[in-house]
Structures are given as C-alpha cells and as structure tokens.
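Please read the points alongside the sequence and the structure.

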Amino acid sequence: MTSVVDGVRRTALAVWRTYRVGLFVVAVGLVLTLLTPRFLVEGNLVNVLTNAAVVAIVGLGMTLVIASGNFDLSVGAIAAFAGAISLSVVPTLGVGPGIAAGLIAGAVVGFVNGLIVAELRVPAFIATLGTLTILRGLTLIYTGGRDIYLVGETGYKILSAGAMPVVLAVLVAAILAQVVARTRLGRHVLAVGSNQAAATRAGVRSNRILWVVFAIVGATAALTGMIISAQVLTANGRLATGLELSAIAVVVIGGTPLTGGRATMIGTLLGALLISEINNGLNLLNVPVFYQSLTTGVLLLAAVGVSTAGRQFMKRAILPLISRMSE
Amino acid sequence: MIETGDDLEMTTPPLLEVADLTRRFHGVVAVDHVDFDVRPGEIHALVGENGAGKSTVINVIGGVLQPSSGSIRIDGQSRHLPTPASAQDAGISVIFQEFNLLPHLSVAENIYINREPTRGPVIDWQAMQRGSMEVLQRLGLEVDPRIAVDQLSVAQQQLVEIARALSFKSRVIVMDEPTASLSDREADRLLEIVRDLAAEGTAIIYVSHRLAEVLAIADRVTVLRDGRRVFTRPREGLDESQLVAAMVGRELVYTASPQRVPGELRLRVRDFAVDRVEGVSFDLHAGEVVGLAGLMGCGATEVVEGLFGLRPFAAKEVTVVGQAIAIRGPGEALRSGFGYVPDDRKRKGIVPDLPIKHNISLGVLGRMRRLLFIDGRRDRSMAEGFKQRLNIRCHDIEQEVAGLSGGNQQKVVLARALASESRVLILAEPTRGVDVGAKEEIYSLIDGLVADGMAVLLQTSELPELIRLANRCVVMANGIPQGELAGSELTQEAVMTLATRFDV
C-alpha cells in the first residue's frame with residue numbers, strides 16, 4: 001500500500017518537475033492571444049517555434065553539461081567559430097561536408113574544454129571563459145574581422161528552411177533524452193554530477209565522461225551556430241554573442257537544477273519555448289526594444305520564482321494530502 | 001559534589017527543564033511527550049539510536065525548532081525561544097556536530113562573533129584578544145587567537161566552539177556528539193574539560209553514541225527511543241548492555257566473530273608502499289576477514305585506497321588469485337576483482353540524486369546492455385535481489401538514496417561493491433555513522449558473505465568492530481606495520497599496544 005502511494009507521490013513530483021514550465025507556456029500563450037490578434041497566426045507561431053528551436057538545440061547540450069555538474073560559457077563563441085568554418089568549407093566541398101566540418105569543429109573545441117576541466121582541474125566557469133575569449137579572437141582573425149557571405153549557394157539554407165530547426169531540436173531532444181534515461185553514458189553523467197567522488201569509486205571514469213559531455217555540447221553549439229549562419233547566409237566573429245546566457249537560462253527555466261545530477265530535456269525544450277514566446281509577445285505588443293530586455297528578465301525571475309513556490313506548494317500541500325489519503 | 005539523581009532531586013532545583021515536549025513534522029511525531037531536566041553542575045547524557053529524537057530535542061532547546069506542545073523551562077520559568085539568538089540570551093549554547101565556525105575568520109573573531117567589543121565605532125581588537133586568551137587558557141588550548149580557524153585541527157575547532165559558549169557565560173551547554181571526529185587522546189582531553197566545566201557549575205547536556213564515554217562522564221542518562229523517553233537514571237548501576245537494550249528495545253547480544261575456515265589464497269601483498277606507508281605485507285584467503293588497524297593517521301586508509309587505485313603505490317607483489325595485477329585506477333581495481341565500500345558514505349559512497357537501483361548498478365552497467373541501451377529489467381531485478389539479500393529497508397528501489405537511513409544507505413553501497421562480483425571485498429569503516437541496531441545487522445551480513453567464501457579486507461578505527469569481525473589483523477603505527485595478530489592474541493589490548501608502539 002505505502003509502496004503504491006509512494007509511487008504516485010514520485011510520479012506526481014516527476015510530472016510536475018517536467019511539465020510545470022508547460023503551464024507557463026500555455027498561460028503566456030493565452031494572455032498573448034487575448035492581447036493581440038497577431039499572436040495566434042500560423043506565420044507567427046512558426047516564428048516562435050523556430051526561434052525557440054535555435055536556442056533549444058544548444059540548451060539541450062547545455063542540459064547535459066549542467067547535469068554533469070559543470071557549465072559551458074563558450075557555446076556562443078563555438079557557434080560563431082563553427083559557422084565561419086562551415087561557411088568557408090561549403091563553396092569548395094559542398095553543403096554536406098560544410099555541415100560536417102562545423103559539427104566536428106564544435107565537438108573538437110568542446111573536447112578541448114573537457115580536457116582542460118577534467119585533466120587540469122580548472123573550474124569549468126574559468127576554463128570555458130578562457131576558450132570563449134580565445135575562440136572569439138580566432139574567429140575574428142580567421143574572418144579578418146569581416147563577414148563571410150555565402151553567395152549563390154542556396155543548398156545551405158536547408159538548415160534553416162521551413163520546419164528544419166524545429167525538427168532538429170526535437171531530434172536532438174529525443175536522442176539526448178534517451179541517452180540520459182537509458183544509456184550507460186547518461187547514467188554516468190548523472191552520477192558524476194551528483195557526486196563525482198562516489199561515481200569515481202564506483203568505477204565510473206569521471207574524466208572521460210566530462211570529455212564526452214563537453215564534446216556533445218560543442219557539437220550542439222555548432223549546430224545552433226550553423227542554423228543562425230544559414231538564416232542570414234553570413235558568418236562573423238560577433239555571431240551569437242550572449243548565446244551562453246540564453247542557453248543556461250532555458251535549462252534552468254526548464255527545471256534542470258544547477259547543482260547537477262538531474263536533467264530534463266523536455267523541460268529545456270519548454271523553457272526555450274517560453275522565452276521565445278515572451279520575446280515574440282513583446283515585439284507584437286510594440287514594447288520598445290530598450291524595455292524588452294528588462295521585461296524578459298523580470299518575467300524570467302517571476303517564472304523561476306513561481307515554479308519554486310509551486311514546488312513548495314507541491315511538497316507542503318499536495319504531497320502530504322496524498323500521504324494522508326493512504327492512512 | 002553530585003552523587004545520584006535522587007540526591008540531586010532533593011538538593012538542587014533544575015536549571016533547565018524539558019517539560020512534556022512534543023514536536024511533529026507533517027503529522028509525524030518526532031518527539032513524543034518527553035520530560036527531563038538538568039541541574040547546575042550536572043552532566044546529563046542523552047542517548048538513543050539515529051532517529052530517536054535527540055536532534056529534535058536539542059534543536060528545540062537551542063531555539064532552532066519550536067515545540068508543537070510542551071515547553072522549555074529555565075529556573076522554573078517557561079521560556080519562549082523563537083530563535084537561536086534568544087536561546088543564547090537565555091544562557092543556552094548548543095554545539096552542533098557540524099560546527100558553526102566561520103573558517104576564514106580568526107579564532108578571536110569566531111569567539112566574539114556578533115558581539116565584538118568596541119571602542120567608539122571600531123572593534124577593540126585588543127580587548128577581543130585578551131578575552132579570547134582568557135577562555136582559551138581555561139580550556140588549555142594554546143593557540144594564537146589571531147590565526148584563522150581553518151588552520152586548526154578538528155579537536156581544536158571543537159574547543160573554539162566551547163570557548164565561544166564559555167565567553168557567552170552560558171549556564172547550559174548542549175554538546176552533540178562532541179567526540180565523533182576526535183582521536184582517543186583528544187577525546188579524553190575533551191571529557192576532562194567537560195568535567196571541569198560541570199565542576200564550575202555549568203549544566204551540560206551531552207549527546208553521544210559512544211556508550212563507554214557516556215558511562216564515564218554522565219551523572220544521569222536519559223534514553224530516547226522512537227521519540228519517547230525510555231528512562232532517566234543515575235549512571236551508577238547502569239552498564240552498556242542495559243543502555244543498548246533500552247535504545248533498541250531488545251537485548252542485543254554482540255555475537256563473537258564466528259569460526260572461519262580460510263580457503264584458497266585470494267590476495268597476496270608484499271612490500272606495499274604508498275605515501276609515507278612502507279613495508280605492508282599480508283595474505284588474504286577466501287572465507288576470512290583480515291583487518292588493517294591502528295590509530296588515526298596510521299596509514300591503513302592509504303593502503304586500502306592504494307589497493308583500489310585511488311592513490312599511486314609501489315609494491316614488490318600484488319596478486320589476486322595468483323595473477324599479478326596492475327592497478328592504476330578504480331576501474332582496473334574493479335576488473336581485477338576488488339569491491340570497495342569507501343570510508344565516508346556521504347562524500348564518497350552514495351550518489352544522492354539517483355534512485356537505489358541505479359546506485360547499485362552504477363559500476364556494472366556495461367554488463368547489462370542490450371545494444372545501446374541499459375536493460376531496465378535486469379537493472380531492476382538486480383536491485384530487487386540485493387534488496388532481499390541485504391534486507392535494504394525502503395518503500396521501493398525507485399526511491400532516491402538520499403531518503404534512506406544511514407544503515408540502509410550503507411547497505412546500498414555494499415550492494416554496489418558486491419554487484420561487480422568481486423573476489424576481494426575492501427570495507428573501509430563499514431559502520432561509521434550507522435546506529436546500533438543496523439551495526440549488528442551489517443556485521444551479520446558480512447559474516448554471511450564470508451561464510452559463502454568472500455575474502456574481506458577490513459579497515460576500521462573502531463576496536464570492538466575489528467575484534468568482532470576480523471580473524472586476523474595487521475596493526476600499523478605511523479605508516480609502518482607493527483605486527484600481525486590472530487586468533488586468541490587478537491584482543492583490544494594487544495591491538496592498542498602495537499598501535500601505540502611508536503607513539504611516544
């Protein structure tokens with residue numbers, strides 16, 4: 001009997017953890033629908049979804065890094081770097097090799113991040129701040145401070161055309177969710193993030209796990225960077241500035257704790273959707289640009305605050321109620 | 001001079017009374033109508049298993065928690081203690097197990113935190129130092145009050161906590177497991193200080209697991225079980241087995257270590273050196289427990305961590321079942337046939353965010369893969385198997401490990417070590433922080449494993465545990481093995497004699 005109740009309790013908590021952001025997505029959507037007729041229109045919704053997908057892809061990689069107890073501040077720089085590499089490969093070798101080159105560049109840089117964090121024991125915050133600065137510099141040197149344009153080559157647009165970004169985001173989410181839930185790698189990532197000393201003593205090769213995790217986030221950052229480059233058919237050293245903060249924000253709003261040991265990919269998708277929706281709404285409502293950043297920040301704090309309060313409510317009111325029903 | 005509880009009753013009025021105290025958490029009763037009192041100059045011990053309600057009681061006394069009903073009385077007056085500060089004002093200091101010291105501040109600053117003496121608007125450093133020196137001297141602690149607290153040993157930090165309590169002129173000092181992380185010698189010194197404090201009229205509430213210590217120091221003892229008071233009695237006429245029986249609610253017989261029949265040679269170690277440890281050699285057979293013992297810092301910890309690949313070592317020979325092995329990391333140690341239960345369950349053992357079943361299978365996921373994915377049924381059935389075999393008490397193996405009691409967490413860590421089908425099981429402090437009942441349970445689990453042919457290497461700093469489990473023992477002091485004891489030679493006295501041999 002207690003076991004059943006306990007299961008219900010746990011399921012209730014898990015569902016709440018994963019989908020509470022969904023409530024905000026729906027709520028904000030309803031409010032915007034009431035406020036402006038321009039929100040619930042197919043064209044606009046595609047916009048919202050596409051913008052969400054671009055941040056979500058790198059956010060999904062970031063979810064894995066955060067679950068391992070780390071951060072990656074270099075994702076914006078990786079995105080710009082991979083975009084530049086990719087765009088300069090495409091004219092000579094074609095679209096496929098161009099995309100592959102970008103992904104590999106991102107994964108390699110991420111792998112180096114992993115080496116620095118795992119082997120040199122530099123805190124991820126400092127290590128990736130360093131690679132951020134180095135990569136921005138490298139990209140500026142490589143592009144000569146100018147924009148790289150892709151002229152005449154429209155095949156590259158496939159990355160950003162139509163529903164492609166959304167499809168890619170869902171695909172990456174599905175893969176990484178399976179990795180976390182069902183593979184040895186995923187289990188080891190959570191263990192390292194929850195208690196690295198214990199994981200190591202259980203035989204987990206914690207250092208290798210960190211190499212892999214940083215390589216994965218590097219690849220997702222590269223994919224995001226190439227989608228942005230495909231949207232504008234341009235690459236430069238300043239592309240995706242500040243992406244790291246949006247990526248971390250969608251992870252946290254999605255419900256993955258910064259303390260490591262847990263991950264929710266669906267939460268991250270929903271978190272990205274919420275931010276995209278809010279930004280879109282502010283545009284539609286003609287809120288002056290200066291006020292948008294302010295409003296977004298306040299809404300984010302409110303969302304996190306309310307969901308924390310909601311968790312307290314679950315713990316204090318709902319869960320005791322479930323327990324009491326069993327007595 | 002205080003003699004018995006009854007004499008006290010007649011002569012001195014109580015200084016602090018816990019009166020009909022009840023405290024509930026979410027409807028669960030943690031403390032159930034508990035009464036006891038402590039008089040000036042009395043050392044009153046509070047004992048009970050983990051979860052018996054001791055912490056809740058001292059948290060209420062310290063103003064951290066509020067009573068659901070009942071009250072705390074001081075000098076016969078019921079006192080409302082809404083905050084720790086109000087408890088301090090009422091003359092009560094609680095020294096918690098996890099110290100409340102600020103590690104980067106100086107000793108003097110820690111003693112005077114929040115009530116620094118001032119001259120005009122600035123802190124009067126000289127007065128602060130003078131005052132600190134005074135209380136530190138009373139405690140016989142010779143440290144410069146200007147140095148940072150994190151430079152001190154754990155025992156010294158403990159004394160700084162007491163110094164703070166003294167400088168508050170506290171009339172009641174509550175100590176929670178004050179000797180838990182001290183060496184025997186430091187613990188003896190602390191007990192002397194506690195006696196001196198009592199002799200000067202301070203009332204002491206002394207919470208401890210160490211029953212020998214309680215019987216050595218207390219004037220009266222209150223036993224709690226499941227949130228209720230079992231009894232309060234003067235120390236005279238009490239012995240350990242009575243206390244244990246009262247704590248666990250049944251007569252607990254410490255069985256002697258069973259006869260063991262050693263089988264094949266499992267582990268052979270010759271001239272093992274790690275850090276400052278040298279010349280460790282021993283054989284370990286199937287079906288026996290070999291102990292590595294000594295005082296804190298003797299080097300036994302380094303040896304077992306070295307064998308498990310956590311520290312680089314040098315050795316003339318390390319063979320497992322006749323096979324020479326190279327161990328450069330825990331992964332290789334596992335593959336060579338070692339299982340390991342680390343000495344610090346919280347920091348090195350459990351993975352708190354993962355459910356029980358995932359904690360158990362963490363090291364052997366490679367074996368339960370089907371294509372890319374972990375076979376969830378094998379994962380589950382393995383955990384269910386260990387739940388039965390080790391009697392892990394939980395609602396469900398999906399539960400997070402963080403929610404289990406210390407003893408059951410330890411069983412999960414043990415299950416993980418066994419899951420790798422190890423041929424040599426290394427147990428480091430297997431019952432640290434585990435309560436009395438669970439302790440004996442873990443001992444009989446180990447007995448069972450050994451009877452089934454497991455070879456166990458035991459590193460422990462608790463002598464009774466060593467005697468209870470090991471049939472042979474290598475005793476170390478200052479990184480050097482002092483000798484091997486077996487059979488009837490293996491007594492607490494013999495171990496202590498060897499362990500203190502170089503300790504002049």
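Helices (H or I, at least four residues) and strands (E, at least two) are DSSP runs, numbered from the N terminus. The model is predicted, so that local features need pLDDT of at least 70 and side-chain atom pairs count only at pLDDT 80 or more, whereas totals for chains, interfaces and linings use all residues. Residues are numbered from 1 along each chain as its sequence is written, and chains are lettered from A and ligands numbered from 1 in the order in which they are written.

**Helices of chain A**

- Helix H4 (residues 95-119) of chain A packs with helix H9 (residues 206-232) of chain A at an angle of about 145 degrees, their axes lying 6 Å apart; axes here are lines fitted to C-alpha atoms, for helices over the stretch in contact, and angles run from 0 to 180 degrees between N-to-C directions.
- The crossing of H4(A) past H9(A) is right-handed; a crossing is right-handed if the near helix is turned clockwise from the far one by less than a right angle, and left-handed if anticlockwise.
- Sorted by class, the contact of H4(A) with H9(A) has 21 nonpolar, 8 polar and 1 charged residues, where Ala, Val, Leu, Ile, Met, Phe, Trp, Tyr, Cys and Pro count as nonpolar, Asp, Glu, Lys and Arg as charged, and the others, Gly among them, as polar.
- Helix H10 (residues 243-253) of chain A is largely enclosed by the rest of the structure, because 10 of its 11 residues are buried; a residue is buried if 20 or more other C-beta atoms lie within 10 Å of its own, exposed if 12 or fewer, and partly exposed in between, with C-beta atoms placed from the backbone.
- The buried residues of H10(A) include Leu243(A), Glu244(A) and Ser246(A), and H10(A) is followed by Gly255(A), whose phi is positive, near 105 degrees.

**Two residues of chain A**

- Leu32(A) is found in helix H1 of chain A and is buried, with 21 other C-beta atoms within 10 Å.
- Leaving aside neighbours within four places in sequence, Leu32(A) is in contact with Phe39(A) and Gly281(A), two residues being in contact if their C-beta atoms, placed from the backbone, lie within 7 Å.
- Although 246 residues separate Leu32(A) from Ile278(A) in sequence, the two are 8.9 Å apart in space, C-alpha to C-alpha.
- Ile266(A) has its place in helix H11 (residues 265-284) of chain A and counts as partly exposed, with 16 C-beta neighbours inside 10 Å.
- Not counting residues up to four places away in sequence, Ile266(A) touches Thr18(A), Ala173(A) and Ala177(A), while Ala127(A), 139 residues from Ile266(A) in sequence, is 28 Å from it in space, C-alpha to C-alpha.

**The sheet of chain B**

- In chain B, 6 strands form an open sheet with mixed pairing, in the order E19-E22-E23-E15-E24-E25; two strands pair if DSSP finds at least two bridges between them.
- Strand E19 (338-341) and strand E25 (480-486) of chain B are the edge strands, each pairing on one side only, and neighbouring strands of this sheet are turned by 20 degrees against each other on average, direction ignored.
- Strand E15 (residues 289-293) of chain B pairs in the parallel sense with strand E24 (residues 472-477) of chain B over 4 bridges, and Gly291(B) has Cys473(B) in E24(B) as its bridge partner.
- E15(B) also runs parallel to E23(B), to which 4 bridges join it, and Val289(B) stands opposite Val456(B) in E23(B).
- Strand E22 (residues 424-428) of chain B pairs with E23(B) in the parallel sense over 5 bridges, with Ala455(B) in E23(B) as the bridge partner of Val424(B).
- Strand E23 (residues 455-459) of chain B is largely enclosed by the rest of the structure, because 5 of its 5 residues are buried; Ala455(B), Leu457(B) and Gln459(B) lie on one side and Val456(B) and Leu458(B) on the other, so that both faces are covered.
- Helix H18 (residues 492-499) of chain B lies across E15, E24 and E25 of chain B and runs at about 30 degrees to E24(B).

**Contact between the chains**

- In the contact between the chains, 25 residues of chain A meet 28 residues of chain B.
- On the side of chain A that touches chain B, the elements giving two or more residues are helix H1 (2-35), helix H7 (184-194) and helix H8 (196-201) of chain A, and the residues of that side divide into 8 nonpolar, 9 polar and 8 charged.
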